[in-house]
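Hi there,

Here is the structure I promised to pass on. Have a look at it first, and then read my notes below.

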Amino acid sequence: MRPIRTACLVTATALATVLASAPVAIAATDTGSTHPEARDRTFTLIGQLAQSTRFPVNPGGAPAQGDRVAFRSVLFDLDGNRVGETGGTCTTTRVDNGGAEECTVTYDLPGGQLSSQGFIFGFLNPGPAPSFDNGITGGTGEFDRARGMIHADTIGPGPTRRFTIDLDR
């Protein structure tokens, strides 16, 4: 049995994970934003799992509804510069049909934090961790009132994920 897929890890890795370049200005959700320079923006980050701990309902047994995983990932821009980290948890909600997890992930980035939430489907299937899309539910600092989505793809072992962050105004 695979650990509840370190896929949850970077939802993505806990997505999540988020932000493409060092100081990052991001989009706010309304025209009344206190950050007029922050507009719709898309950027890419690479997340590398740093730590993952599984809390199974049935220790030593099969995956079960209610299993949890807590994780932390390090985030890099496309030039390989460290720009932040993620932390989050995923809870197994279904173990049939490849499984499903509901995940909440926070991205700590230059200028503030982004929060995301959503499902990961198929994490119990053999092979690389599945791709997923999670919603951006808010943020702090430059990401105050942020909305949008995070798309994650597994691109290497560890696992390593590519996060495409699409911030809406």
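Before the strands come up, one definition: two strands pair if DSSP finds at least two bridges between them. Helices (H or I, at least four residues) and strands (E, at least two) are DSSP runs, numbered from the N terminus.

Please keep in mind that this is a predicted model, where local features need pLDDT of at least 70 and side-chain atom pairs count only at pLDDT 80 or more, while totals for chains, interfaces and linings use all residues. Residues are numbered from 1 along each chain as its sequence is written, and side-chain values use heavy atoms, with hydrogens and water left out.

Let me start with the strand pairing. Strand E6 (residues 132-139) pairs with strand E5 (residues 112-121) in the antiparallel sense, over 4 bridges. Within that pairing, Leu114 stands opposite Gly139 of E6. E6 also pairs with strand E7 (residues 147-156), again antiparallel, over 5 bridges. There, Gly135 has Met149 in E7 as its bridge partner.

Next, the cysteines. A disulfide here is a pair of cysteine sulfur atoms within 2.5 Å, and searching the whole structure turns up 1. It joins Cys90 to Cys103, with an S to S distance of 2.0 Å. The torsion about the S-S bond of Cys90 and Cys103 is about 115°, so this disulfide is right-handed. Cys90 sits in strand E3 (residues 82-94) and Cys103 in strand E4, 13 residues apart. For accessibility, buried means under 20% relative accessible area, exposed over 50%, and partly exposed in between (1.4 Å probe, protein chains only). Cys90 is buried, at 0%, and Cys103 is buried at 0% too.

Finally, the aromatic rings. Rings of Phe, Tyr and Trp (its six-membered ring) pair if their centres lie within 6.5 Å; planes under 30 degrees apart count as stacked, over 60 as edge-to-face and the rest as tilted. The whole structure holds 2 such pairs. In one, the rings of Tyr107 and Phe163 have centres 6.0 Å apart and planes at 75°, so the pair is edge-to-face. Tyr107 lies in strand E4 (residues 100-109) and Phe163 in strand E8 (residues 160-168), so the pair ties together parts that are 56 residues apart in sequence. Both Tyr107 and Phe163 are buried. Phe119 and Phe121 form a stacked pair, 5.3 Å centre to centre with 20° between the planes. Phe119 is partly exposed at 38% relative accessibility, and Phe121 is partly exposed at 48%.

Best wishes
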